[in-house]
Amino acid sequence: MEPHGCRECPSREGSSLPGERASSDLGQALSQILHHLTGLDSRRGKARNAALQDLSALIEATEGDELFGGSGTSLRGMPEMLGQVAKALEKYAAPPKEQGGGSDGHSEVAEKAAAVGLLFLKLLRKVGAAENSLVCPARKACLRLLAGPIYIFAVSHSLEQAWTSPRSQDVAGQVLAVLLQVTECASVAGFLHGENEDEKGRFTLIMGLLKPDLNKETWKNNPATKHVFSWTLQQVSRPWLNQHLERILPPSLLISDDYQTENKILGVHCLHHIVLNVAVLLCLLDLFPVLEKGLHWKGDAARPTTHCDEVLQLILTHMEPEHRLLLRRTYARNLPAFVKRLGILTVRHLKRLQRVIIGYLEVYDGPEEEARLKILETLKLLMQYTWPRVSCRLVVLLKALLKLLCDVARDPSLTPEPIKSALLEEATDCLILLDHCSQGRVKGLLAKILQSCEDSKVVTCLRKVQQASEGAPGDGT
């Protein structure tokens, strides 16, 4: 291709290619392209299309040394100009604000995205080709400014959404792959949090670019933004996520507080990821009442579900089939705080909580037994708050607690004795509460077991239950 031939063609609206381009003219050419991409004139559609064509020809015709800051241009100015062009291209390809759930204009967005994606591919390959050139500092500066907008574009259009097409998804996927290649990252996670401890990563950069579009007034202007935020958040886990709490918590709460079910679910997924990867649970639970201040129970209908209900339901859904011990400990560690927050309203989750509690009590959790200790704490709170519903679950809970007592008492592993004692004590407390909730029925059932039990530790625990039950109130309160 000979872009210099453009000077022989009739001048067209929006054209910015000079016939014989010197290095000093490159900045002016990019500035004119940027003007047509962001301008508000009445013919901006034609001007933007012409600007895309000019930019494509400009990228192809310009050597990397010149593009990233060659002679006649400022070493700093050219990367900044290219960064502004990348931001303008990302905005140009973004889907419009949703209007009544319609899909008008989605095909046009997909076409724009495919065209912009091809431009980004050309630009990234130019950056990659200049890796060993003499303009390495300028190349790094340029890549630093290009990476954010190009990443946001790629994620916006590589996921299956109403505004994407197979073509636009494919091009955006290629853009993301080449971006990772050029930045020498093995994965999106590495791109975001850094491939090693000495590298900062680009998560802060991406969140900074998304921030203006993630406040109460703007977050619905671009329907892709919430998905980019959510998908990006899911790529970063502990320990890297801890330092970004101030950036990720407000948008997650904002999205979860929306009236649309789709947005509520998306926001809850974000909050769930934060709960699992940031030591923020107590802070999060303290924020729920602020979000729910408009939910007043009038007494003539069922209490409305809350954010806390939704997060707990999601956690229980993941807890039940989970077999990895580290995640089981994380889930179990958070349960008591949720039960405390919901209080008697925990009864809504009683069936699932029962299944989770019994399942977790059956599994050895390692020398520290953190999961089982937290599950026993949860069970005690649950019985205190929902005692009228406990008596019908007497047999199931009694079997689970007695099995735990026997397993711990006969445990031949290297579990420290203080941990075993703590488990036995917590299980005994649960049996005492269970007896109160069932109007003393546990005491009667244990009498038969004591006659045949030969394990001294188990017998000691059961006798404590009987002694504590003598003269105790029978209403469970």
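Student: How many aromatic pairs does the count come to?

Tutor: Two aromatic pairs. Rings of Phe, Tyr and Trp (its six-membered ring) pair if their centres lie within 6.5 Å; planes under 30 degrees apart are stacked, over 60 edge-to-face, and the rest tilted. Keep in mind that this is a predicted model, where local features need pLDDT of at least 70, side-chain atom pairs count only at pLDDT 80 or more, and totals for chains, interfaces and linings use all residues. Residues are numbered from 1 along each chain as its sequence is written, and side-chain values use heavy atoms, leaving out hydrogens and water.

Student: Why is the pair of F120 and F153 edge-to-face?

Tutor: In general, a pair of aromatic rings is described by the distance of the centres and the angle of the planes. Here the centres of F120 and F153 are 5.3 Å apart and the planes sit at 65°, so they go down as edge-to-face. F120 belongs to helix α5 (residues 106-129) and F153 to helix α6, 33 residues apart.

Student: And which residue pairs with Y151?

Tutor: F191, in a stacked pair with 5.4 Å between centres and 20° between planes. Y151 counts as buried because its relative accessibility is 0%; buried means under 20% relative accessible area, exposed over 50%, partly exposed in between (1.4 Å probe, protein chains only).

Student: What does L434 contact, leaving aside neighbours within four places in sequence?

Tutor: Contact means heavy atoms within 4.5 Å. For L434 the partners include M383, V390, L394 and V442.

Technical notes:
Helices (H or I, at least four residues) and strands (E, at least two) are DSSP runs, numbered from the N terminus.
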